[in-house]
Number of protein chains: 2
Amino acid sequence: MARRPVAVGELVERATGGDARAVARLISLVEDASPLLPEVSAALAPHVGHAHIVGLTGSPGVGKSTTTGAVVAALRAQGRKVGVLAVDPSSPFSGGALLGDRIRMQDHAGDPGVFIRSMATRGHLGGLAWAAPQALRVLDAAGCDVILVETVGVGQSEIEVAGLADTTVVLLAPGMGDGIQAAKAGILEIGDVYVVNKADRDGARQVRRELRGMLSLTDRPDASWKPPILLTVAYREEGVDEVVASFDAHLGHLRSGGELARRRLRRTRDEIETLATTELRTRFAAVHGGHLLDALAADVVAGKTDPFAASRRLLDSL
Amino acid sequence: MARRPVAVGELVERATGGDARAVARLISLVEDASPLLPEVSAALAPHVGHAHIVGLTGSPGVGKSTTTGAVVAALRAQGRKVGVLAVDPSSPFSGGALLGDRIRMQDHAGDPGVFIRSMATRGHLGGLAWAAPQALRVLDAAGCDVILVETVGVGQSEIEVAGLADTTVVLLAPGMGDGIQAAKAGILEIGDVYVVNKADRDGARQVRRELRGMLSLTDRPDASWKPPILLTVAYREEGVDEVVASFDAHLGHLRSGGELARRRLRRTRDEIETLATTELRTRFAAVHGGHLLDALAADVVAGKTDPFAASRRLLDSL
């Protein structure tokens, strides 16, 4: 059966009505960087802003997808509509999201109150910065009360997730050298909630103690919020209700101090800037049929000019 | 004693003559994003292009700085001038490079044929993309034959390092779950040389075997180069001469096929583009005294417009 051409208006209408296939189709348009995106984005605009966006991050092996699954179950038990966006920035060359560890999510596969989506962020830095916010807008417009953004927690992806979310949850587990890792990866500054998973194992309380000590020494951006450090055994769903309660507590804190609006404004500024610079890169590539940038690069390589002078000439050419 | 104002011409002249303090001063100008950089870059231009840039990456714990130290020793034994740039993209909030693991480098601290520099890449994604190439140009102009760029191998920093280097070396070690890590982090595509360090431990040959198997299944960008997988015990300097020989073999391969010029052109294009978009972000922030971007973001948050339309308006305002 041939695929029908995309009617954006109809698709957005179905998505905002909660049609899972329309939601999936719209996110695919984002992944494919479809030329229809400006139209999609305009149609979504009146429908966004309701969802509480919660970022989940942590090193491989801490039990991130198990925890996500348990959190989804707890949210569903409260009757809330949930979106899950699993972003995989660590496979820049394959172009395909790793789905193996998403199996746990299949518990929720038939539930119309849960949208689950994996998304690869392709071969370039900034991939997450560009595409993930657009996917979040789709899930938001679809009526999700909470959207969990989960990422493979390697390197700077933690920071990127924190930039996308209202509330950032950092997962740790005993036996992973977390102390040093936490200090190195900058996660002491970004977590609004810390969860030590696998709390049935030796060392969980030790991790909490160390983390508490390190947090007390950290100069955090929002000094008025003291991030809780919760213990969970996600595969038995232990402690998960407390995690969900901490989301709500943090959202309340953000609302009461005006910080929610500030975070969303900052995030939106970044989003607009990123779209604008992405568009400019496309224009750079097109200037003089793409030859100017090549010619400038050749002159720099040959030592005839320098990168700053070349950059100025590129800008002047626009 | 008050610091003299910077005389760029004199500083560059001293740096190209091999003066370590002038080199350090110029790299500090890069780190500080000094307004003198365009002038510095122009003065450096005729002196760059000689160095072979070798990126070293690998997960924490594989023995990266020990290996770097041993490689420096081997290169110095051949009479070659060496630069080391240790980039730390994992401390985005602290603004300070982690120097603890640089102690090993102090073996070379008094050697005028070695320039060693740690560099933090600050609080934003793209920090490495912007600043590291400028620091490399300084080391190149200072007459280094080989520059080792070492990074904390977390997440996308591997990919960034590969983007900076002529030759990329990926370090592994037994007992770190390297198989899965390698597949996840995209390192199968980026390594020109693979080194399994700590080869005196159990499992090193197993790591090599697994890696060989995975590489044979990987669609690599340069199919004409079969990356060697070398075994080292870096703290005893075992196998390190072979590592250095592999750099030269790879450089020869790059030269003979024209790939060296292609890589450097591509890299320089990226560098120019990154400088241009960084400059544009500065201009965005300045448009209408910085109010336009704030006003657009507020409209997007309120659902009155969408990010794509806002991005178009921002670009139109330039």
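Guide: A disulfide is a covalent bond between the sulfur atoms of two cysteines. Please keep in mind that this is a predicted model.

Visitor: How many disulfides does the structure hold over all chains?
Guide: The count over all chains is 0.

Visitor: And is A:C144 buried or exposed?
Guide: A:C144 counts as buried, because its relative accessibility is 0%. B:C144 is likewise buried, at 0% relative accessibility.

Visitor: On to charges. How many salt bridges are there over all chains?
Guide: A search of the whole structure finds 31. One of them joins the side chains of A:D166 and A:R264, at 2.7 Å from N to O. This pair links distant parts of the chain, 98 residues apart. A:D166 sits in the loop between α6 and β5 of chain A, whereas A:R264 belongs to helix α11. Both A:D166 and A:R264 are buried.

Visitor: What is the N to O distance between A:D166 and A:R267?
Guide: Their side chains meet in a salt bridge at 2.8 Å. A:R267 lies in helix α11 of chain A and A:D166 in the loop between α6 and β5, so the pair ties together parts that are 101 residues apart in sequence. A:R267 counts as buried because its relative accessibility is 16%, and buried means under 20%.

Visitor: What about B:R267 and B:D166 in chain B?
Guide: Those side chains also meet in a salt bridge, at 2.8 Å from N to O. B:R267 is in helix α11 of chain B and B:D166 in the loop between α6 and β5, so parts 101 residues apart in sequence are tied together.

Visitor: Which residues are linked with A:D192 in a network of salt bridges?
Guide: The network links A:D192 with A:E259, A:R262, A:R263 and A:R266.

Visitor: Now A:D140. Where does it lie?
Guide: A:D140 is in helix α5 of chain A, which covers residues 127–141. A:D140 is buried yet has no salt bridge. The nearest side chain of opposite charge, A:R264, is 6.1 Å away.

Visitor: Which backbone nitrogen lies 3.1 Å from a polar atom of its side chain?
Guide: That is the backbone nitrogen of A:A51. Beyond its neighbours within four places in sequence, A:D140 is in contact with several residues, including A:H47, A:H50 and A:I147.

Visitor: One last topic: what happens at the start of α2(A)?
Guide: A side-chain oxygen of A:D19 reaches to within 2.8 Å of the backbone nitrogen of A:R21 there. Just after α2(A), A:A33 takes a positive phi of about 50°.

Key
Residues numbered from 1 in each chain as written. Chains lettered and ligands numbered in written order. Predicted model: local features only at pLDDT ≥ 70, side-chain atom pairs only at ≥ 80, totals over all residues. Heavy atoms only, no water. Helix = DSSP H or I, 4+ residues; strand = E, 2+ residues; numbered from the N terminus. Buried < 20%, exposed > 50% of the residue type's maximum accessible area, 1.4 Å probe, protein only. Lys, Arg positive; Asp, Glu negative; His and termini not counted. Salt bridge = Lys/Arg side-chain N within 4 Å of Asp/Glu carboxyl O. Polar contact = N/O pair within 3.5 Å; in protein donor to acceptor, adjacent residues only side chain to side chain. Contact = heavy atoms within 4.5 Å. Disulfide = S-S within 2.5 Å.
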